[in-house]
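Hi everyone, thanks for coming. I'd like to walk you through a structure that may be new to you, so please have a look at the screen.

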Amino acid sequence: MKKYLNVAAIALAISTVLPSVSASAAENADFSPAQQARIGEIAADYLVAHPDVLIEVSKKLQARQAELQRQALMASALRGHRLLMQLDGVPVKGPAGSKVIVTEFFDYECSVCSAMAPVMEKVMAARPEVRFAFRDWTIFAGRYQESTAASRRGLDIWRQKGAGAYMTYHNGIYRTGHNEGHLTIQDIEQVATVAGAGPENVTGYSQSDALIKGNDELAEMLGLTGTPGIIVMPAENATADNTTVFPGMAGEQAMMQAIDRAAKG
């Protein structure tokens with residue numbers, strides 16, 4: 001860190017937690033170079049002596065950035081509502097006429113998705129009237145071929161066996177505890193067997209890959225930066241008040257509250 005800090009920047013930082021200090025005064029005053037240097041020394045010494053000020057400023061900036069990200073994701077989700085409601089080929093669980101749709105963008109190699117899976121199971125059990133859509137977004141495929149292999153196998157099970165077998169497979173993959181490069185083809189096949197799947201249908205690869213590609217394009221359009229990405233919104237009449245986007249892990253209570261908001265829409 002430079003010893004002599006920009007006067008306006010320092011004043012702004014301090015004024016974030018000490019309202020009595022005016023940033024605008026520092027910006028507008030006609031200080032000489034020597035005065036500016038001295039003010040910089042005083043402010044820098046103050047911040048060194050009171051590191052809690054910088055911590056508080058950092059927290060406020062992070063909260064501000066998080067809110068801006070939330071607003072941007074919300075706006076994107078609302079713009080993409082029609083596309084999110086197009087579920088042809090997408091594994092779903094729950095009634096077709098549901099008022100609320102919960103969409104999860106996930107990767108089977110994602111450790112946070114693995115932690116999210118049991119939370120999603122609880123929410124699904126508690127809210128059977130809600131429709132849940134699972135969109136494979138294989139962002140780890142460039143490093144781990146099992147990312148694509150697991151998604152292809154799951155989509156094939158969905159097409160052949162339906163929602164029950166698919167959810168057994170989907171949750172079973174995460175229950176292995178193998179991710180971030182530790183998931184194996186043997187894991188995939190063992191879980192597929194438990195789910196009641198037959199031999200892998202290689203001819204379905206192109207169909208699965210097209211769906212995965214579409215999910216990737218949709219996730220990018222929505223501004224999601226990683227998995228999991230979870231969107232809770234009504235099937236119709238979505239607004240900023242009844243739509244929630246979780247750009248990462250979400251707790252059970254937060255999910256329930258988001259579903260309740262969407263249901264009121």
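Let me start with a question: at which residue does α6 bend, and by about how many degrees? Keep in mind as you look that this is a predicted model. The bend is at Ala117 and comes to about 30 degrees. Within four residues after that point there is a proline, Pro118.

Now the helix itself. α6 runs over residues 111-126, which makes 16 residues. From its first C-alpha to its last, the helix reaches 24 Å, close to the 22 Å expected at 1.5 Å a residue.

Which residues of α6 are buried? They are Cys113, Ser114, Met116, Ala117, Val119, Met120, Val123 and Met124. The buried residues of α6 pack against several elements, including the strands β2 (100-106) and β3 (131-136), and the helices α8 (163-175) and α11 (252-264).

Is Met256 buried or exposed? Its relative accessible area is 18%, and buried means under 20%, so Met256 counts as buried. Setting aside neighbours within four places in sequence, Met256 is in contact with Val123, Ala126 and Arg127. Met256 and Met124 lie 132 residues apart in sequence, yet their C-alphas are 9.9 Å apart in space.

Finally, the whole chain. There are eleven helices and five strands, and 44% of the 265 residues count as buried.

Technical notes: Residues are numbered from 1 along each chain as its sequence is written. This is a predicted model: local features need pLDDT of at least 70, side-chain atom pairs count only at pLDDT 80 or more; totals for chains, interfaces and linings use all residues. Side-chain values use heavy atoms; hydrogens and water are left out. Helices (H or I, at least four residues) and strands (E, at least two) are DSSP runs, numbered from the N terminus. The expected span of a helix is 1.5 Å times one less than its number of residues. The bend at a residue is the angle between axes fitted to the seven residues ending there and the seven starting there. Buried means under 20% relative accessible area, exposed over 50%, partly exposed in between (1.4 Å probe, protein chains only). Contact means heavy atoms within 4.5 Å.
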